[in-house]
Amino acid sequence: MTTAAASPDTLAHNYHPLPVTLTSGEGAWVRDVDGRTYLDLLAGYSALNFGHRHPALTASAHRQLDRLTLSSRAFDHDLLRPFSDALSELARPAVAGSEAPMVLPMNTGAEAVETAIKTARKWGHQRGIPADQGTIVVAAGNFHGRTTTIVSFSTDPEARDGFGPFTPGFRVVPFGDAEALRAAVDDTTVAVLLEPIQGEQGVVMPPEGYWPQVREICDATGTLLIADEVQSGLGRTGTTFALELWDVRADLITLGKALGGGVLPVSAVVGRPDVLGVLTPGSHGSTFGGNPLACAVGLAVIELLSTGEPQRRARMLGEHLHGRLLTLVQGGLLTASRGVGLWAGLDVDPAWGTGRRLCERLLDVGVLAKDTHGSTIRLAPPLVIDAEDLDLALDRLTQVLREPSA
(Lines give C-alpha, C1' and ligand atoms only; values in the text may rest on other atoms or scores of the structure.)
Protein backbone atom coordinates (compact mmCIF):
# COMPACT_ATOMS: atom_id res chain seq x y z
CA MET A 1 0.00 0.00 0.00
CA THR A 2 1.40 3.39 -1.04
CA THR A 3 0.86 6.43 1.17
CA ALA A 4 0.13 9.60 -0.74
CA ALA A 5 2.68 12.35 -0.24
CA ALA A 6 1.51 15.44 1.60
CA SER A 7 0.67 18.34 -0.69
CA PRO A 8 3.35 21.03 -0.75
CA ASP A 9 2.50 24.37 0.88
CA THR A 10 2.17 26.71 -2.09
CA LEU A 11 1.49 29.85 -0.02
CA ALA A 12 4.46 32.14 0.68
CA HIS A 13 5.15 32.45 4.41
CA ASN A 14 5.15 36.22 4.75
CA TYR A 15 2.53 36.08 7.54
CA HIS A 16 2.25 34.15 10.80
CA PRO A 17 -1.53 34.01 11.23
CA LEU A 18 -3.34 32.75 14.27
CA PRO A 19 -4.63 29.16 13.82
CA VAL A 20 -8.14 29.97 12.62
CA THR A 21 -9.68 29.75 9.14
CA LEU A 22 -12.60 32.11 8.58
CA THR A 23 -15.49 31.56 6.20
CA SER A 24 -18.04 34.32 6.84
CA GLY A 25 -18.68 37.48 8.79
CA GLU A 26 -21.30 40.05 9.65
CA GLY A 27 -20.75 43.24 11.62
CA ALA A 28 -18.23 42.54 14.37
CA TRP A 29 -18.71 38.73 14.24
CA VAL A 30 -16.96 36.14 12.07
CA ARG A 31 -17.33 32.37 11.71
CA ASP A 32 -14.69 29.70 11.07
CA VAL A 33 -14.71 26.45 9.09
CA ASP A 34 -15.94 24.55 12.17
CA GLY A 35 -18.88 26.89 12.71
CA ARG A 36 -17.37 28.61 15.74
CA THR A 37 -17.98 32.35 16.08
CA TYR A 38 -15.54 35.07 17.15
CA LEU A 39 -15.66 38.78 17.92
CA ASP A 40 -13.29 40.55 15.54
CA LEU A 41 -11.32 43.20 17.44
CA LEU A 42 -8.76 43.70 14.67
CA ALA A 43 -11.14 44.80 11.90
CA GLY A 44 -8.58 44.23 9.16
CA TYR A 45 -6.13 46.72 10.72
CA SER A 46 -8.92 49.34 10.45
CA ALA A 47 -9.93 48.36 6.89
CA LEU A 48 -13.19 47.03 8.36
CA ASN A 49 -14.19 50.17 10.27
CA PHE A 50 -17.78 49.52 9.20
CA GLY A 51 -17.68 45.83 10.00
CA HIS A 52 -18.01 42.77 7.82
CA ARG A 53 -20.47 43.00 4.94
CA HIS A 54 -22.02 46.34 5.87
CA PRO A 55 -25.29 46.32 3.91
CA ALA A 56 -24.82 49.77 2.38
CA LEU A 57 -21.32 48.86 1.17
CA THR A 58 -22.12 45.43 -0.20
CA ALA A 59 -25.23 46.83 -1.92
CA SER A 60 -23.13 49.51 -3.64
CA ALA A 61 -20.65 46.87 -4.80
CA HIS A 62 -23.41 44.57 -6.10
CA ARG A 63 -25.02 47.39 -8.07
CA GLN A 64 -21.74 48.42 -9.63
CA LEU A 65 -20.77 44.83 -10.52
CA ASP A 66 -23.76 44.82 -12.87
CA ARG A 67 -22.65 48.04 -14.57
CA LEU A 68 -18.88 48.57 -14.99
CA THR A 69 -15.89 47.43 -12.93
CA LEU A 70 -12.88 48.88 -14.76
CA SER A 71 -12.24 51.44 -17.45
CA SER A 72 -8.61 52.33 -16.56
CA ARG A 73 -7.72 56.02 -16.41
CA ALA A 74 -7.43 56.03 -20.20
CA PHE A 75 -11.14 56.88 -20.08
CA ASP A 76 -13.39 58.60 -17.58
CA HIS A 77 -16.34 56.88 -15.93
CA ASP A 78 -19.45 58.33 -14.35
CA LEU A 79 -18.40 57.85 -10.69
CA LEU A 80 -14.83 59.17 -10.81
CA ARG A 81 -15.61 62.85 -10.33
CA PRO A 82 -18.50 62.28 -7.88
CA PHE A 83 -16.06 60.25 -5.76
CA SER A 84 -13.38 62.94 -6.01
CA ASP A 85 -15.86 65.70 -5.13
CA ALA A 86 -17.26 63.80 -2.16
CA LEU A 87 -13.83 62.89 -0.73
CA SER A 88 -12.59 66.45 -1.24
CA GLU A 89 -15.55 67.78 0.75
CA LEU A 90 -15.09 65.21 3.51
CA ALA A 91 -11.37 66.03 3.86
CA ARG A 92 -11.69 69.80 3.62
CA PRO A 93 -11.53 70.42 7.41
CA ALA A 94 -8.22 68.52 7.62
CA VAL A 95 -6.42 69.97 4.56
CA ALA A 96 -4.53 73.27 4.67
CA GLY A 97 -5.50 76.18 2.45
CA SER A 98 -8.75 77.80 1.42
CA GLU A 99 -9.30 75.92 -1.84
CA ALA A 100 -11.19 72.66 -2.19
CA PRO A 101 -8.67 69.80 -1.79
CA MET A 102 -7.58 67.82 -4.82
CA VAL A 103 -7.90 64.01 -4.86
CA LEU A 104 -5.65 61.42 -6.49
CA PRO A 105 -7.18 57.91 -6.22
CA MET A 106 -4.94 54.86 -5.91
CA ASN A 107 -5.40 51.30 -4.58
CA THR A 108 -3.40 50.52 -1.43
CA GLY A 109 -2.16 52.57 1.49
CA ALA A 110 1.45 51.98 0.48
CA GLU A 111 0.67 53.29 -3.02
CA ALA A 112 -0.86 56.40 -1.47
CA VAL A 113 2.29 57.00 0.58
CA GLU A 114 4.54 56.42 -2.42
CA THR A 115 2.40 58.90 -4.37
CA ALA A 116 2.73 61.49 -1.62
CA ILE A 117 6.52 61.04 -1.53
CA LYS A 118 6.81 61.48 -5.30
CA THR A 119 4.49 64.49 -5.26
CA ALA A 120 6.37 66.20 -2.43
CA ARG A 121 9.71 65.78 -4.16
CA LYS A 122 8.46 67.12 -7.49
CA TRP A 123 6.84 70.04 -5.67
CA GLY A 124 10.14 70.80 -3.93
CA HIS A 125 12.19 70.52 -7.10
CA GLN A 126 9.89 72.96 -8.86
CA ARG A 127 10.61 75.41 -6.03
CA GLY A 128 14.34 75.33 -6.42
CA ILE A 129 15.52 72.32 -4.43
CA PRO A 130 18.12 70.63 -6.68
CA ALA A 131 17.13 67.33 -8.26
CA ASP A 132 17.96 64.28 -6.12
CA GLN A 133 18.22 66.42 -2.97
CA GLY A 134 14.59 66.43 -1.79
CA THR A 135 14.85 65.03 1.74
CA ILE A 136 11.87 63.93 3.83
CA VAL A 137 11.82 63.79 7.64
CA VAL A 138 10.08 60.77 9.20
CA ALA A 139 9.68 59.32 12.69
CA ALA A 140 11.26 56.29 14.31
CA GLY A 141 8.74 53.53 14.91
CA ASN A 142 6.86 54.47 11.75
CA PHE A 143 4.79 52.16 9.60
CA HIS A 144 3.82 53.47 6.16
CA GLY A 145 3.85 50.25 4.12
CA ARG A 146 6.26 47.63 2.84
CA THR A 147 7.52 48.80 -0.54
CA THR A 148 11.28 49.13 -1.03
CA THR A 149 11.24 52.92 -0.71
CA ILE A 150 9.06 52.85 2.41
CA VAL A 151 11.06 50.19 4.26
CA SER A 152 14.13 52.27 3.47
CA PHE A 153 13.10 54.58 6.32
CA SER A 154 11.58 51.96 8.61
CA THR A 155 13.29 51.33 11.95
CA ASP A 156 11.81 47.84 12.25
CA PRO A 157 14.49 45.22 11.50
CA GLU A 158 11.86 42.70 10.35
CA ALA A 159 10.71 45.14 7.68
CA ARG A 160 14.23 46.07 6.55
CA ASP A 161 16.61 43.15 6.93
CA GLY A 162 17.68 41.66 3.62
CA PHE A 163 15.93 44.19 1.38
CA GLY A 164 18.74 46.66 0.66
CA PRO A 165 20.10 48.64 -1.04
CA PHE A 166 17.71 51.25 0.27
CA THR A 167 16.32 54.44 -1.18
CA PRO A 168 18.16 57.51 0.14
CA GLY A 169 16.72 60.90 1.08
CA PHE A 170 15.04 60.25 4.44
CA ARG A 171 15.94 61.50 7.93
CA VAL A 172 14.60 59.66 10.96
CA VAL A 173 13.87 61.48 14.23
CA PRO A 174 12.15 60.28 17.43
CA PHE A 175 8.36 60.33 17.29
CA GLY A 176 6.97 63.09 19.47
CA ASP A 177 10.22 65.11 19.65
CA ALA A 178 9.41 68.41 17.96
CA GLU A 179 12.85 69.90 18.55
CA ALA A 180 14.58 66.92 16.93
CA LEU A 181 12.26 67.34 13.98
CA ARG A 182 13.03 71.05 13.79
CA ALA A 183 16.78 70.32 13.77
CA ALA A 184 16.38 67.77 10.95
CA VAL A 185 14.67 70.19 8.57
CA ASP A 186 17.05 72.12 6.31
CA ASP A 187 16.99 73.80 2.91
CA THR A 188 16.85 70.41 1.14
CA THR A 189 13.75 69.24 3.03
CA VAL A 190 10.56 68.97 1.00
CA ALA A 191 8.26 67.31 3.54
CA VAL A 192 7.66 65.89 6.99
CA LEU A 193 5.82 62.54 6.81
CA LEU A 194 4.19 61.28 10.02
CA GLU A 195 1.36 59.13 11.32
CA PRO A 196 -0.83 61.18 13.68
CA ILE A 197 -0.82 58.13 15.97
CA GLN A 198 1.61 55.26 15.42
CA GLY A 199 -0.66 52.26 14.96
CA GLU A 200 1.71 49.41 14.13
CA GLN A 201 4.03 50.53 16.92
CA GLY A 202 1.25 49.81 19.43
CA VAL A 203 -1.16 52.77 19.10
CA VAL A 204 1.44 55.23 20.38
CA MET A 205 -0.03 58.66 21.11
CA PRO A 206 2.02 61.84 20.54
CA PRO A 207 2.80 64.19 23.43
CA GLU A 208 0.35 67.02 24.05
CA GLY A 209 1.14 69.97 21.80
CA TYR A 210 3.30 67.94 19.41
CA TRP A 211 1.14 68.24 16.31
CA PRO A 212 0.65 72.03 16.53
CA GLN A 213 4.44 72.32 16.86
CA VAL A 214 4.94 70.15 13.77
CA ARG A 215 2.59 72.38 11.81
CA GLU A 216 4.42 75.49 13.01
CA ILE A 217 7.80 74.05 11.98
CA CYS A 218 6.51 73.19 8.51
CA ASP A 219 5.00 76.67 8.10
CA ALA A 220 8.17 78.39 9.26
CA THR A 221 10.41 76.41 6.90
CA GLY A 222 8.13 76.16 3.86
CA THR A 223 7.99 72.38 4.24
CA LEU A 224 5.02 70.19 3.35
CA LEU A 225 3.25 68.32 6.14
CA ILE A 226 2.11 64.85 5.04
CA ALA A 227 -0.19 63.00 7.43
CA ASP A 228 -0.52 59.24 6.96
CA GLU A 229 -4.12 58.59 7.99
CA VAL A 230 -4.33 55.15 6.39
CA GLN A 231 -5.03 53.49 9.76
CA SER A 232 -6.07 56.46 11.89
CA GLY A 233 -8.48 58.11 9.46
CA LEU A 234 -12.15 57.74 8.59
CA GLY A 235 -13.72 57.58 12.04
CA ARG A 236 -11.36 55.33 14.00
CA THR A 237 -10.35 58.01 16.53
CA GLY A 238 -13.83 59.47 17.05
CA THR A 239 -13.12 62.15 14.47
CA THR A 240 -13.15 61.82 10.69
CA PHE A 241 -9.38 62.35 10.68
CA ALA A 242 -7.07 61.95 13.64
CA LEU A 243 -5.52 65.37 12.92
CA GLU A 244 -8.79 66.94 13.99
CA LEU A 245 -8.00 65.89 17.56
CA TRP A 246 -5.37 68.65 17.59
CA ASP A 247 -7.07 71.09 15.18
CA VAL A 248 -4.18 70.70 12.71
CA ARG A 249 -4.38 70.64 8.93
CA ALA A 250 -1.98 68.81 6.64
CA ASP A 251 -0.85 69.71 3.13
CA LEU A 252 -1.28 66.11 1.96
CA ILE A 253 -3.23 63.28 3.62
CA THR A 254 -2.85 59.63 2.63
CA LEU A 255 -5.90 57.42 3.00
CA GLY A 256 -6.62 53.72 2.46
CA LYS A 257 -7.95 50.70 4.38
CA ALA A 258 -11.41 51.88 5.54
CA LEU A 259 -11.91 53.87 2.32
CA GLY A 260 -12.60 50.53 0.64
CA GLY A 261 -15.06 49.48 3.34
CA GLY A 262 -13.42 46.07 3.73
CA VAL A 263 -14.75 45.22 0.26
CA LEU A 264 -11.73 45.98 -1.95
CA PRO A 265 -8.51 48.03 -1.83
CA VAL A 266 -9.17 51.76 -2.23
CA SER A 267 -6.73 54.53 -1.38
CA ALA A 268 -6.17 58.18 -2.16
CA VAL A 269 -3.96 61.17 -1.58
CA VAL A 270 -5.96 64.29 -0.72
CA GLY A 271 -4.28 67.66 -0.52
CA ARG A 272 -3.66 71.20 -1.58
CA PRO A 273 -4.32 71.73 -5.32
CA ASP A 274 -1.03 73.60 -5.77
CA VAL A 275 0.81 70.54 -4.44
CA LEU A 276 -1.02 67.67 -6.17
CA GLY A 277 -1.21 69.91 -9.23
CA VAL A 278 2.49 69.35 -9.94
CA LEU A 279 1.62 65.92 -11.33
CA THR A 280 0.97 65.89 -15.05
CA PRO A 281 -0.24 63.19 -17.48
CA GLY A 282 2.36 60.44 -17.62
CA SER A 283 4.19 61.45 -14.43
CA HIS A 284 2.18 59.12 -12.21
CA GLY A 285 -0.66 56.65 -12.59
CA SER A 286 -2.37 53.37 -11.75
CA THR A 287 -4.42 51.05 -13.95
CA PHE A 288 -6.90 50.26 -11.18
CA GLY A 289 -6.70 53.58 -9.30
CA GLY A 290 -10.15 55.17 -9.16
CA ASN A 291 -11.83 52.23 -10.87
CA PRO A 292 -15.67 52.27 -10.98
CA LEU A 293 -16.12 49.54 -8.37
CA ALA A 294 -13.72 51.31 -6.00
CA CYS A 295 -15.49 54.63 -6.50
CA ALA A 296 -18.90 53.06 -5.87
CA VAL A 297 -17.79 51.58 -2.55
CA GLY A 298 -15.78 54.67 -1.63
CA LEU A 299 -18.80 56.88 -2.20
CA ALA A 300 -20.87 54.66 0.09
CA VAL A 301 -18.15 54.90 2.78
CA ILE A 302 -18.09 58.68 2.50
CA GLU A 303 -21.89 58.79 2.77
CA LEU A 304 -21.74 56.80 6.02
CA LEU A 305 -19.12 59.15 7.44
CA SER A 306 -20.93 62.29 6.32
CA THR A 307 -23.67 61.59 8.86
CA GLY A 308 -21.16 61.73 11.71
CA GLU A 309 -22.69 58.62 13.30
CA PRO A 310 -19.62 56.34 13.02
CA GLN A 311 -17.47 59.06 14.57
CA ARG A 312 -19.94 59.55 17.44
CA ARG A 313 -20.03 55.81 18.11
CA ALA A 314 -16.24 55.65 18.16
CA ARG A 315 -16.11 58.49 20.69
CA MET A 316 -18.84 57.08 22.93
CA LEU A 317 -17.72 53.46 22.87
CA GLY A 318 -14.09 54.55 22.98
CA GLU A 319 -14.59 56.30 26.30
CA HIS A 320 -16.06 53.09 27.69
CA LEU A 321 -13.27 50.96 26.18
CA HIS A 322 -10.48 53.07 27.64
CA GLY A 323 -12.22 53.29 31.01
CA ARG A 324 -12.34 49.51 31.27
CA LEU A 325 -8.74 49.14 30.09
CA LEU A 326 -7.63 51.64 32.74
CA THR A 327 -9.31 49.45 35.34
CA LEU A 328 -7.23 46.50 34.11
CA VAL A 329 -4.06 48.58 34.40
CA GLN A 330 -4.98 49.74 37.89
CA GLY A 331 -5.70 46.15 38.85
CA GLY A 332 -2.29 45.00 37.67
CA LEU A 333 -3.59 42.86 34.78
CA LEU A 334 -2.02 45.15 32.19
CA THR A 335 1.13 47.22 32.52
CA ALA A 336 -0.20 50.00 30.27
CA SER A 337 -2.95 50.94 27.85
CA ARG A 338 -3.26 53.91 25.51
CA GLY A 339 -5.22 55.13 22.54
CA VAL A 340 -8.25 57.13 21.52
CA GLY A 341 -11.65 56.28 20.11
CA LEU A 342 -12.04 52.61 19.24
CA TRP A 343 -8.30 52.09 19.02
CA ALA A 344 -6.07 50.84 21.82
CA GLY A 345 -2.61 49.48 22.48
CA LEU A 346 -2.24 47.15 25.46
CA ASP A 347 0.97 46.09 27.19
CA VAL A 348 1.03 42.86 29.16
CA ASP A 349 3.72 42.02 31.70
CA PRO A 350 6.41 40.04 29.82
CA ALA A 351 6.45 37.67 32.80
CA TRP A 352 2.85 36.74 31.88
CA GLY A 353 3.71 36.17 28.23
CA THR A 354 4.09 37.73 24.81
CA GLY A 355 1.51 39.63 22.81
CA ARG A 356 1.29 36.62 20.52
CA ARG A 357 0.49 34.38 23.49
CA LEU A 358 -2.24 36.76 24.65
CA CYS A 359 -3.81 36.71 21.17
CA GLU A 360 -3.69 32.91 21.14
CA ARG A 361 -5.46 32.80 24.50
CA LEU A 362 -8.05 35.30 23.29
CA LEU A 363 -8.64 33.12 20.24
CA ASP A 364 -9.45 30.23 22.59
CA VAL A 365 -12.28 32.30 24.14
CA GLY A 366 -13.64 33.59 20.83
CA VAL A 367 -11.94 36.98 20.45
CA LEU A 368 -9.68 37.94 17.53
CA ALA A 369 -6.87 40.44 18.15
CA LYS A 370 -3.34 40.94 16.84
CA ASP A 371 -0.04 41.38 18.57
CA THR A 372 2.54 43.87 17.47
CA HIS A 373 5.94 44.21 19.17
CA GLY A 374 6.97 42.11 22.17
CA SER A 375 4.23 42.00 24.79
CA THR A 376 1.93 44.50 23.07
CA ILE A 377 -1.35 43.93 21.28
CA ARG A 378 -3.70 46.40 19.63
CA LEU A 379 -7.48 46.49 19.57
CA ALA A 380 -9.45 48.10 16.75
CA PRO A 381 -13.06 46.90 16.90
CA PRO A 382 -15.38 47.76 14.02
CA LEU A 383 -17.09 51.09 14.69
CA VAL A 384 -20.44 49.30 14.36
CA ILE A 385 -19.79 46.95 17.29
CA ASP A 386 -22.63 46.76 19.82
CA ALA A 387 -21.83 48.03 23.31
CA GLU A 388 -22.83 44.64 24.72
CA ASP A 389 -20.44 42.84 22.35
CA LEU A 390 -17.62 45.20 23.26
CA ASP A 391 -18.20 44.44 26.93
CA LEU A 392 -18.31 40.72 26.16
CA ALA A 393 -14.91 40.94 24.48
CA LEU A 394 -13.47 42.93 27.38
CA ASP A 395 -14.89 40.42 29.87
CA ARG A 396 -13.10 37.66 27.96
CA LEU A 397 -9.89 39.69 27.90
CA THR A 398 -10.14 40.10 31.66
CA GLN A 399 -10.78 36.37 32.08
CA VAL A 400 -7.69 35.48 30.06
CA LEU A 401 -5.43 37.95 31.87
CA ARG A 402 -6.49 36.53 35.25
CA GLU A 403 -5.38 33.05 34.27
CA PRO A 404 -1.73 31.95 34.19
CA SER A 405 -0.22 32.15 30.71
CA ALA A 406 1.34 28.71 30.74
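Ala, Val, Leu, Ile, Met, Phe, Trp, Tyr, Cys and Pro are counted as nonpolar, Asp, Glu, Lys and Arg as charged, and the others, Gly among them, as polar. The structure is a predicted model, in which local features need pLDDT of at least 70 and side-chain atom pairs count only at pLDDT 80 or more, while totals for chains, interfaces and linings use all residues. Residues are numbered from 1 along each chain as its sequence is written, and side-chain values use heavy atoms, with hydrogens and water left out.

Pockets and cavities were located on a 1 Å grid over the protein atoms alone: a pocket is an open set of points with protein on both sides within 12 Å along at least five of seven lines, a cavity is a set of points where a 1.4 Å probe fits but cannot get out, and lining residues have an atom within 4 Å of a point. Grid points are joined across faces, edges and corners, and a volume is the space filled by probe spheres set on the points. Helices (H or I, at least four residues) and strands (E, at least two) are DSSP runs numbered from the N terminus.

The largest pocket holds about 1300 Å³ of space. It is lined by 47 residues, of which Tyr15, Tyr45, Phe143, Arg146 and Glu200 are the closest to its centre. By class, this lining comprises 15 nonpolar, 21 polar and 11 charged residues. At least two lining residues come from each of α3 (109–126), α4 (148–151), α5 (157–160) and β14 (370–371).

The second largest pocket has a volume of about 470 Å³. Arg73, Val103, Leu104, Pro105 and Leu279 are the closest to its centre among the 20 residues that line it. Two or more residues of this lining are given by α2 (80–91) and by β4 (102–106); the largest share, five residues, belongs to β4. Nine lining residues of the second largest pocket are nonpolar, nine are polar and two are charged.

Two cavities of 30 Å³ or more were found in a search of the whole structure. The largest cavity, with a volume of about 50 Å³, is lined by Leu42, Tyr45, Ser46, Gly199, Gln231, Trp343, Arg378 and Ala380. Four of these lining residues are nonpolar, three are polar and one is charged. In the second largest cavity there is about 30 Å³ of space, and the lining consists of Leu41, Leu362, Val367, Ile377, Leu379, Ala393, Leu394 and Leu397. Strand β15 (376–379) and helix α12 (387–402) are the elements that give two or more residues to this lining, and α12 gives the most, with three residues. The lining of the second largest cavity has eight nonpolar residues, with no polar and no charged ones.

Four aromatic pairs are present in the structure, where rings of Phe, Tyr and Trp (its six-membered ring) pair if their centres lie within 6.5 Å, and planes under 30 degrees apart count as stacked, over 60 as edge-to-face and the rest as tilted. Phe175 and Tyr210 form an edge-to-face pair, at 5.6 Å centre to centre with 70 degrees between the planes. This pair links distant parts of the chain, 35 residues apart: Phe175 lies in the loop between β6 (170–173) and α6 (178–184), and Tyr210 in helix α7 (residues 210–221). Both Phe175 and Tyr210 are buried, buried meaning under 20% relative accessible area, exposed over 50% and partly exposed in between (1.4 Å probe, protein chains only). Tyr210 also pairs edge-to-face with Trp211, at 6.2 Å centre to centre and 75 degrees between the planes. The relative accessible area is 1% for Tyr210 and 0% for Trp211. Phe175, Tyr210, Trp211 and Trp246 form one aromatic cluster.

Charges over rings were assigned where NZ of Lys or CZ of Arg is within 6 Å of the ring centre and within 35 degrees of the ring normal. The charged end of Arg121 sits over the ring of Phe170 at 4.8 Å from its centre, and that of Arg160 over the ring of Phe166 at 4.0 Å from its centre.

Two further sites concern buried residues. Gln64 belongs to helix α1 (residues 55–65) and counts as buried at 3% relative accessibility. Its side chain reaches the backbone oxygen of Leu68 at 2.8 Å. Ala94, in the loop between α2 and β4, is buried with a relative accessible area of 0%. The C-alpha atoms of Ala94 and Leu252 are separated by 9.3 Å, the two residues being 158 residues apart along the chain.

How values were computed. Polar contact = N/O pair within 3.5 Å; in protein donor to acceptor, adjacent residues only side chain to side chain.
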